[in-house]
Amino acid sequence: MIKNEKRSRLALTAGNESEQDGGSSEVPQLKRRYRVSGYPNALFDPERSLNCLAKMIILHDYPLHIVEQPAFVAFVESLNPRFKVLDVGSMEGEILAIYQREKENLVQTFANIPGRISLAIGLWTTSQTLGYISLAGQFIDSDWKLHRRMLNFMMVSSPHSENALSEAISLSLSDWNMKDRLFTITLDNDCSSHDIYSANLRDHLSNKHTLMLRGQLFVVRCYAHILNVVAQDVIASIHGTVYNIRESIKFVKASPSREEKFAEISLQLEIPSTKTLSLDMTTQWNTTYTMLEAALEYKQAFTVLETCDDNYNEAPSAEDWRKVEVVCAYLKLLYDSANVIAGTAEPTSNVFYHEAWKIQHELVNAITSEDPMISNVAKDMHEKFDKYWKDCNLVLAIAVVMDPRFKLKLVEFSFSKIYGEDSSRYLKAVSDGIHELYQEYAAQPLPLTPAYVEQAEEANHAGAVATNPPSNETEKSKKNATAAPVGNAGDRLLDFDMYLSEIAVTQPARPEIEQYLEEALVPRHPEFEILNWWKVNSVRYPTLSKMARDVLGIPMFMAAGPGGGSASSVFCVGTGNRVLDEYRSSLRPELVEALFCAKDWLQYQPIVDAPATSPAIVKTEM
């Protein structure tokens, strides 16, 4: 009955539409007309539809065999019976074609970037004996915008080998025509082997590529990785208590009656907390922190619950709660720092110094605490974070010096807090590094500034005219010009500009780095944008701005790129141990690379273009 009524309504609707179009009102009951939403005159384009389907598979990580699944084929045919879905082999070809087209476009983009490029390198393993290396390039373009793009996803026999990684980097740079433009590489490998690993990498690559500052800045460690390692270690130090709290929350959440009873106890104890008890995800250490933080506020309620419910015996002791309190205080340092990075829209390298030095300072002070519980927790955390600080404080400091709101002043201030009387020695190492790096950039030829480009074009035009014999009209123009009065003020000052250029050659100016460091700090306004500042001031500092562009473009954080870091990736346990799933491991290596890279590239473009249209309305009848 309901189905018949529905068909009647469909027939009536179709009949009304037919009458409006001047046609017959006698239309079969199931006859309907569809228009493409937003494009009433759209033409059916099978190639465009195929391209959209391939992009959908790439962007959403769908398996390629979806195109052969009966339900999917039926769905597509219901939309348009004329569109024939390809088989898996043909879809592979479409995906590889998209990858190749996008790669060619990106090659042109890289050819036009004015500075160097830094690489963020991820190591992947599979259930097989093989592994993969992912290489993403980060750079700042001529308009002073930060970009990160996936370059390669290469299969290697030993992804954790320095030789394999060195070879992969060289192949990638050669593939993208950037052999002489490498600045730094960022890794998220385990800190215990970082020194040897970095030294071997530096040795391998210095034979093939020119490294700035003798390679001192070359290998950078991922900031998110060190936060994760330290957080996991401190949580592991109280693993027994964490287990008890997890079981306690499970007990309370097991039934509504237990939740009500726990709420009554909390109300009687006048616990003011508004936090909600929730279980953590073992793969996200921030959820463990928030679980402990919430449980800590209900510690009295758990103790009372144990006395009045014989089925519950997991309440932590007073000593255990004290440990949780100390651990949460220091986890909060890491948690807040990670959230700052994840929430940064454009994570240029200068941002990370502020976070790193505050953690280093807090841990250094906590080590000397008279409370043994605090000092023990701090020592465990400091052991690994101090290793990161020693490895990366030079590159972190140089990056923050490129921020005109802080320059060397913040480094001087923070070093005095961390190193005390020895701070001058560490500050000198940073100052020497900045000046030496600047000298390397000063030794490189400068591109012409806009003013001189215009003059050069005029000079070239004048030279071209001079090579051609003047016509009679030209001779007349010259005579008129001789008799005419002197030209405008800009023409009269051309000689003056040449005079200034001669002075600049004969009288060496003070280095830009000195001028920059001696000028007053820029006010710290919330709306300040560091890349825009350097864009505006690149004419004043043509050499230093080249150095700033490369330094600020260093990826200090593997998961970060324009648009900020992903919160889940910032807190992900085991960031340095990525595992390729079984399905992708089974695909051909060139197809795996195409899927990974094309997914990254396509996210910066509109998913679909406007379809082709025709003056006539297209009708699809069923």
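User: What should I know about the ground rules here?
Analyst: Residues are numbered from 1 along each chain as its sequence is written, and side-chain values use heavy atoms, without hydrogens and water. In this predicted model, local features need pLDDT of at least 70 and side-chain atom pairs pLDDT 80 or more, while totals for chains, interfaces and linings use all residues.

User: Which residues touch the most other members of the largest nonpolar core?
Analyst: A nonpolar core is a set of buried Ala, Val, Leu, Ile, Met, Phe, Trp, Tyr and Cys residues joined through side-chain atoms within 4.5 Å. Buried means under 20% relative accessible area, exposed over 50%, partly exposed in between (1.4 Å probe, protein chains only). Here the largest core has 111 residues, and Tyr223, Phe302, Tyr353, Phe385, Met402 and Trp534 touch the most other members. A second, separate core of 59 residues includes Leu50 and Phe83.

User: How many salt bridges are there, and which residue pairs with Arg322?
Analyst: Side chains of opposite charge can pair when their charged atoms come close. The cut-off is a side-chain nitrogen of Lys or Arg within 4 Å of a carboxyl oxygen of Asp or Glu. The whole structure has 23; in one of them, Arg322 meets Asp371 at 2.3 Å, N to O. Arg322 counts as partly exposed because its relative accessible area is 29%, and Asp371 does too, at 23%.

User: Is Glu518 buried or exposed?
Analyst: Exposed, because its relative accessibility is 55%. Glu518 forms a salt bridge with Arg510, with the closest N and O atoms 2.9 Å apart.
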